[in-house]
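These are my notebook entries on a structure that I am reading for the first time. I want to record what I looked up, entry by entry.

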Amino acid sequence: MSVTDFTITDENIALKPSIEKEKTIKYSDYLLPPYSMTKIQAGICLLLVELCERFTFFEVVCNMIPFCTVKLGYSNYQAAILNLCFIGTSILTPVFVGWLADVYLGRNKLVCVGLFLHFLGTALLSVVAFPMEDFYLGPYHVVNNLPTEEQNRLFHVALLTISLGTGGIRAIVCPLGAYGLQECGSQKQMSFFNWFHWLMNLTVTAAFLGISYIQHSRPWAFVLLIPFVSALMALIILHMIYYKLIYQPEKYSSPLITFGVFVNALKTCCLSCHLGRSMTSWLDHAKKKNGGCYSEPHVEDTKFFFTLLPFFIFQILYRTCVMQIPSGYYLQTMNSNLNLDGFLLPIAVMNAISILPLLILVPFMECFSTCLFPWKRDGPFQSACIIAGNLSAALSVMVAGCFEIHRKQFPPVEQPLSAKVLTVSSMPGLHLVLQYILLGVAETLVNPASSVIAYSFAPRTIRGTSMNFLTLFNGFGCYTGALLVKLVYLISEGNWFPNTLNKGNLENFFFLLASLTLLNVLGFWSVSQRYCNLNHFNAQNISGSNLEETLLLHEKSLKFYGSIQEISSSIDLWETAL
């Protein structure tokens with residue numbers, strides 16, 4: 001009988017010495033056990049925090065380009081770069097803040113600092129930056145009289161503060177907690193990540209629909225709504241801290257240890273200039289027995305990470321392509337006719353449309369793969385999903401280029417935006433729906449498959465580090481997109497990313513990005529064979545461990561808020577995602 005066939009219960013195995021206490025059994029415990037109530041409460045709080053945080057984040061992203069171009073006088077490429085840098089910083093900060101919480105400040109203290117920074121940033125945006133127009137607050141006429149130069153400074157400070165606050169919140173309250181996946185195969189892991197991304201995008205869709213309604217009916221409401229949502233999120237998180245509803249993940253290796261092994265091995269290798277007999281890799285120079293500073297397990301884990309490094313690198317160009325929604329696609333939509341028989345279509349609706357493929361396709365994909373081909377969800381399947389997703393992203397950018405050529409052939413019309421009248425193309429904005437849908441299909445295929453490879457291909461001790469590096473390279477993709485916009489603007493002298501779209505050739509930028517994405521597909525296809533066997537680390541870890549260590553691993557994985565659950569062969573995916 002294999003180790004994984006054991007079932008742990010409180011009556012059969014005592015994992016730790018304890019004194020049996022008399023328990024009073026209530027009738028309500030049969031209906032809903034106490035630990036289930038705790039998990040339901042924690043799940044609801046997590047969803048509310050996710051909704052509030054995503055609402056605030058996308059509220060800033062959706063209003064960034066109109067505010068920068070119309071109110072602050074930025075060029076199109078400058079507004080796009082600022083938006084991409086804000087998104088990239090918000091993606092990167094949770095990784096560094098999470099490490100800072102574990103090493104120095106502590107999780108509860110740091111999340112309180114993050115809440116303060118987040119509220120401060122939203123308040124600055126409301127008071128200084130985001131009043132799109134003068135408005136009346138009761139009998140008082142409120143006018144934004146700040147000079148543009150001071151608005152610029154406070155605007156940048158507010159964006160940086162919100163990014164840091166977002167990092168503190170997402171690193172500690174909303175981490176990716178695949179608690180019970182250590183011993184599961186790729187099929188259950190794929191199901192978990194599918195439903196996890198589905199649930200997170202459901203909250204994002206709700207945020208976009210709320211933003212769309214406000215953009216259409218009461219744009220000035222953003223002034224009061226942003227700090228209100230931030231304050232509501234703070235109250236929910238403080239409730240979670242008080243009742244200890246924040247999951248404390250197990251501490252393993254950190255990205256800094258991986259980086260330290262790399263630097264130490266490179267330094268020692270340069271000094272010795274040769275490999276010893278017991279060295280199979282240049283990273284072995286970082287081991288203490290070879291004159292390095294790190295233990296053998298840390299070095300061996302870093303070797304596995306370097307096997308995943310090509311996979312992480314190929315995520316950068318894909319993320320650059322996806323980041324066209326808040327940059328190039330947004331400018332293209334803003335310069336199209338959004339008037340539908342007297343109804344001015346909010347631009348945030350297009351973002352919600354890009355998420356619809358994920359919400360629709362994931363349940364069908366789960367049903368199809370689980371019922372018909374349950375054995376086909378291994379490494380080659382994940383690689384095929386990533387390749388198909390990258391092709392869909394490349395096709396989306398190509399379609400955007402074709403529609404840009406088509407858009408410029410329509411006569412100009414006037415359209416109100418942010419209390420000003422702009423001259424735009426008369427092509428209906430709904431013609432651009434196809435490119436948004438194709439990017440949504442790409443996200444449906446790539447995100448869960450990438451998470452499975454990053455999680456499953458790494459040993460158990462560095463799975464958290466592996467997921468952190470996946471997040472880091474996604475953030476690097478945003479900065480790469482900003483750098484690409486800057487280079488294209490300078491090299492083409494503004495022609496490929498013009499300030500006035502009808503007087504330039506934005507389609508050339510889209511075709512360039514599509515070509516780079518196709519090259520990215522070829523590069524990933526050439527290395528995809530490395531990631532075929534996803535579960536060999538799981539088998540290796542089980543076979544190399546004794547029974548006591550394995551049972552303790554089960555206990556740590558399933559002890560959630562002081563309760564030990566019975567281990568079964570199946571995982572309630574919704575409960576795990578919550």
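The model is predicted, and local features need pLDDT of at least 70, side-chain atom pairs count only at pLDDT 80 or more, while totals for chains, interfaces and linings use all residues. Residues are numbered from 1 along each chain as its sequence is written, and side-chain values use heavy atoms, with hydrogens and water left out.

**Entry on T122**

I looked up T122 and found it in helix 4 (residues 107–129), where helices are DSSP runs of H or I with at least four residues, strands are runs of E with at least two, and both are numbered from the N terminus. T122 counts as buried, at 0% relative accessibility. Leaving out residues up to four places away in sequence, I noted that T122 touches T56, I162, I226, P227 and S230, a contact being heavy atoms within 4.5 Å.

**Entry on the nonpolar cores**

Next I asked which residues have the most contacts inside the largest nonpolar core. They are F86, F155, I237, F311, F312 and F497, in a core of 132 residues; such a core is a set of buried Ala, Val, Leu, Ile, Met, Phe, Trp, Tyr and Cys residues joined through side-chain atoms within 4.5 Å. Helix 2 (residues 34–71) gives the most to this core, with 15 residues. A second, separate core has 5 residues, among them V261, A265, A286 and V299.

I then followed F86, which touches F57, V60, V61, M64, L159, I162 and S163 when residues up to four places away in sequence are not counted. The C-alpha atoms of V60 and L159 are 8.6 Å apart, although the two residues are 99 residues apart along the chain.

**Entry on salt bridges**

How many salt bridges does a search of the whole structure find? The search gives 9, each being a side-chain nitrogen of Lys or Arg within 4 Å of a carboxyl oxygen of Asp or Glu.

I wrote down K303 and E300, whose closest N and O atoms are 3.3 Å apart. About one helical turn separates K303 and E300 because they are 3 residues apart in helix 9 (residues 296–322). K303 is buried, at 17% relative accessible area, whereas E300 is partly exposed at 26%.

E443 and R319 also form a salt bridge, with closest N and O atoms 3.3 Å apart. This pair links distant parts of the chain, since E443 is in helix 13 (residues 433–456) and R319 in helix 9, 124 residues apart. E443 and R319 are both buried. I also noted a network of salt bridges that links E50, E53, R54 and R170.

**Entry on helix 13 and helix 14**

Last, I looked at where helix 13 meets helix 14 (residues 463–491), and found S450, S451, A454, Y455 and S456 in helix 13 against R463, S466, M467 and L470 in helix 14. The residues of this contact divide into 4 nonpolar, 4 polar and 1 charged, where Ala, Val, Leu, Ile, Met, Phe, Trp, Tyr, Cys and Pro count as nonpolar, Asp, Glu, Lys and Arg as charged, and the others, Gly among them, as polar.

Terms used: Buried means under 20% relative accessible area, exposed over 50%, partly exposed in between (1.4 Å probe, protein chains only).
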